Amino acid sequence: MIIRLIISMTFLMCSSLSFANTCFESDLKTYKYEKEIQPRWNLTVSSKQPVYFYSAPKNSCKLDDNFMIKNNQVIAYSLYKDKAQQEWVYVMYTIKDADPDDGDELIEGWVELKQFSSLREPIH
C-alpha cells in the first residue's frame, strides 16, 4: 500500500518527531504481518463514542483530530492482530463535502475492529 507509506511519511514532518517516528516505525513493522482483506469489507461504526484513527495499530498513535461517529461507513483494506490479540483494521473513510467545488476529503488509518458492527459485508 504505497498510499499508506506516503501518509506515514508525512507524520515525520509533524512537530512531534519522536511520536511520529515511533508510530511510523510501528506502522512499517505492521506491514509485514497485516492480512489484506479481499474482497474489501464495508463496515459501519457501531460505537456510541467517537472512533479515532491511529497512524499505526498502537494505542499511543492516536490521531486526535480524526474520528468517526456512529453509523459512518468505511471500506476496510487490511486486518492486523497485535500482541495483546486486539484486532485492528486499516480503513478509508470519505467525508462528503457540501460544496462540490471543494471535493470530498479522504481519511485513512488504523481503527479498532471492535468499534464496528460485526457484519462484514464484502464490497462487490
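Q: Gln-85: buried or exposed?
A: Gln-85 counts as exposed because its relative accessibility is 53%. For the cut-offs, buried means under 20% relative accessible area, exposed over 50%, and partly exposed in between (1.4 Å probe, protein chains only).

Q: What kind of model is this?
A: This is a predicted model: local features need pLDDT of at least 70, side-chain atom pairs count only at pLDDT 80 or more, and totals for chains, interfaces and linings use all residues. Residues are numbered from 1 along each chain as its sequence is written, and side-chain values use heavy atoms, with hydrogens and water left out.

Q: Back to Gln-85. Where is it?
A: Gln-85 sits in the loop between β4 and β5. Its phi is near 70°, a positive value in a residue other than glycine.

Q: What about Asn-71, what is its phi?
A: Asn-71 has a positive phi too, about 75°, and is not a glycine. Asn-71 lies in the loop between β3 and β4. It counts as exposed because its relative accessibility is 54%.

Q: And where is the cis peptide bond?
A: Between Gln-38 and Pro-39, with omega about -5°. Pro-39 is in strand β1.

Q: OK, overall fold. How many helices and strands?
A: The protein chain has two helices and seven strands. The order from the N terminus is α-α-β-β-β-β-β-β-β. These are DSSP runs numbered from the N terminus: helices are H or I with at least four residues, strands E with at least two.

Q: How much of the chain is buried?
A: Of its 124 residues, 39% count as buried.

Q: Which residues touch the most others in the largest nonpolar core?
A: Leu-43, Phe-53, Met-68, Val-89, Val-111 and Phe-116, out of 18 residues in that core. At least two core residues come from each of β1 (35–44), β2 (51–54), β3 (62–68), β4 (73–81), β5 (87–95) and β6 (105–112). A nonpolar core here is a set of buried Ala, Val, Leu, Ile, Met, Phe, Trp, Tyr and Cys residues joined through side-chain atoms within 4.5 Å.

Q: What does Phe-116 contact?
A: Skipping neighbours within four places in sequence, Phe-116 contacts Leu-43, Thr-44, Val-45, Ser-46, Met-68, Val-74, Val-89 and Val-111.

Q: Tell me about Trp-110. Which strand is it in?
A: Trp-110 is in β6. It counts as buried because its relative accessibility is 0%. Trp-110 and Phe-53 are 57 residues apart in sequence, yet their C-alpha atoms are 5.6 Å apart.

Q: New topic. How many disulfides?
A: A search of the whole structure finds one. Cys-23 and Cys-61 form it, with sulfur atoms 2.1 Å apart. The cut-off is a pair of cysteine sulfur atoms within 2.5 Å.

Q: Which parts of the chain does it link?
A: Distant ones: Cys-23 is in helix α2 (residues 17–31) and Cys-61 is in the loop between β2 and β3, 38 residues apart.

Q: Left-handed or right-handed?
A: The link of Cys-23 and Cys-61 is left-handed, at -100° about the S-S bond. Both Cys-23 and Cys-61 are buried.

Q: Pockets next. How much space is in the largest pocket?
A: About 260 Å³. A pocket is an open set of points on a 1 Å grid over the protein atoms alone, where a 1.4 Å probe fits, with protein on both sides within 12 Å along at least five of seven lines; lining residues have an atom within 4 Å of a point. Grid points are joined across faces, edges and corners, and a volume is the space filled by probe spheres set on the points.

Q: Which element gives the most to that lining?
A: In the largest pocket, α2 gives the most, three residues. The lining includes Ser-26, Lys-29, Tyr-80 and Asp-82. By class it has four nonpolar, two polar and five charged residues. Ala, Val, Leu, Ile, Met, Phe, Trp, Tyr, Cys and Pro count as nonpolar, Asp, Glu, Lys and Arg as charged, and the others, Gly among them, as polar.

Q: What lines the second largest pocket?
A: Tyr-33, Lys-35, Leu-79, Tyr-80, Lys-81 and Glu-87. β4 gives the most to this lining, three residues. The second largest pocket holds about 160 Å³ of space.

Definitions and conventions:
Contact means heavy atoms within 4.5 Å.
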